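My plan was to look things up one by one and note each answer.

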Amino acid sequence: MIIQTGMRTDIPAFYSKWLLNRISEGFVLVRNPYNPSQVTRYSLSPDVVDLIAFCTKNPAPMLNSMDALKAYGQYWFVTITPYGKDIEPNVPDAEIVMDDFIKLSDIVGVDCVGWRYDPIIVDDNHSVEWHISEFEHMAKKLAGYTKTCVISFIDIYKKVERNFPQAREVSRKDRITIGKAFISIAEKYGMIIRPCAEGNELAAYGADCSGCMTVKTFETALHERLIVPKRKTNQRNGECACLLGVDIGAYDTCGHLCKYCYANTDATRVMANMRWHDSKSAFLLGGPQPGDVIHEAVQKSWIDRQMRFEL
């Protein structure tokens, strides 16, 4: 099975010590975000966890502890964008993150790491031409260290509307102009563009619109075939084909405080939750509570162990 760490928060950036403790103890407790008294206990044994998937803006806190992950397959998406502190207040400088991306790629291998340039925001300070120029610079530096670049254009969710009121949807004309330029630049540097939840709009220009975190993504990282149980895939905007697996994070806990974040309600709540974190707890936030109902997850490896012969 797949353990996902990054759809609700950035565990490598802010909770790496906690994750390493969970791996050492062999299990994690996860609250249902919509029914907090319902708790699931997941084993982190490599016998049932085939791969741990990461989404982070800062892999640096994990880089000196990668030996702890050797028993698992891994796939890392690292988001690197050229925005300033006005949009990404606590994200390290892009040049630093790119250097760490290169170190990470050297450790896990080029098939196990992807670059995310998202969300794309077009406004008076971030023009179409600015994005194309910045993307060219970054793609040139990351060439040879990844084969994938995932892009998406900003979605104006309710939380985004509240925390980033000046944000606006990107027009179709600008999406096509940026998409075509990015596809051409990526090809020059040995990458393919994978739009995230953007439909098939860019497929005609050479983008791979099959999804960014698919079964094939994980099979390529593992160099194994997976037999994945039938289940609903993520349906963000009705256009996402990704296999997200089990997420062990928690909402309202990401200290990057990006203005466009859909996983944080507001900075005050995030700061309060981060103070509640205990790296020794089985929960990412706090500990056991009266009324908790804990059930054991049914888990098994998805790797196809059947021997195959090529004729």
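**Secondary structure.** I counted eight helices and ten strands in the protein. Helices (H or I, at least four residues) and strands (E, at least two) are DSSP runs, numbered from the N terminus. I noted that this is a predicted model, where local features need pLDDT of at least 70, side-chain atom pairs count only at pLDDT 80 or more, and totals for chains, interfaces and linings use all residues. Residues are numbered from 1 along each chain as its sequence is written, and side-chain values use heavy atoms, with hydrogens and water left out.

**Overall shape.** I looked up the radius of gyration, which is taken over C-alpha atoms. The globule rule is 2.2 Å times the number of residues to the power 0.38. For 311 residues a compact globule would have a value near 19 Å, and the protein agrees, with 19 Å. Along the principal axes, the C-alpha atoms fill a box of roughly 60 × 55 × 35 Å.

Buried means under 20% relative accessible area, exposed over 50%, and partly exposed in between (1.4 Å probe, protein chains only). Next I checked contacts, meaning heavy atoms within 4.5 Å. Among contacts with a separation of 6 or more, 71% come from residues 24 or more positions apart.

**Charges.** I found 36 positive and 38 negative side chains. Lys and Arg count as positive and Asp and Glu as negative; His and the chain ends are not counted. The place of a charge is NZ of Lys, CZ of Arg, CG of Asp or CD of Glu. The centres of the two sets lie 4 Å apart.

**Salt bridges.** How many salt bridges are there? I got 16. The rule asks for a side-chain nitrogen of Lys or Arg within 4 Å of a carboxyl oxygen of Asp or Glu.

- Arginine 41 meets glutamate 296 at 3.8 Å, N to O. This pair links distant parts of the chain, from strand E3 (residues 35-43) to strand E10 (residues 293-296), 255 residues apart. Arginine 41 is partly exposed at 26%, while glutamate 296 is exposed at 52%.
- Arginine 116 pairs with aspartate 118, with the closest N and O atoms 3.1 Å apart. Both residues are buried.
- Aspartate 208 pairs with arginine 194, with the closest N and O atoms 2.6 Å apart. Aspartate 208 sits in the loop between strand E8 (192-195) and helix H7 (215-222), and arginine 194 lies in E8, 14 residues away. Arginine 194 is buried, at 17%.

**Threonine 40.** I found threonine 40 in strand E3. Is it buried or exposed? Threonine 40 is buried, at 11%. Leaving aside neighbours within four places in sequence, it contacts Val28, Leu29, Val30, His295 and Ala297. Its C-alpha atom is 40 Å from that of alanine 143, which is 103 residues away along the chain.

**Backbone.** The peptide bond from aspartate 118 to proline 119 is cis, with omega near 0°. Proline 119 belongs to strand E6 (residues 113-120).

I then noted two positive phi values outside glycine. Histidine 223 has phi near 55°. It lies in the loop between H7 and strand E9 (246-247) and is exposed at 61%. Aspartate 252 has phi of about 60°. Its place is the loop between E9 and helix H8 (267-276), and at 9% it counts as buried.
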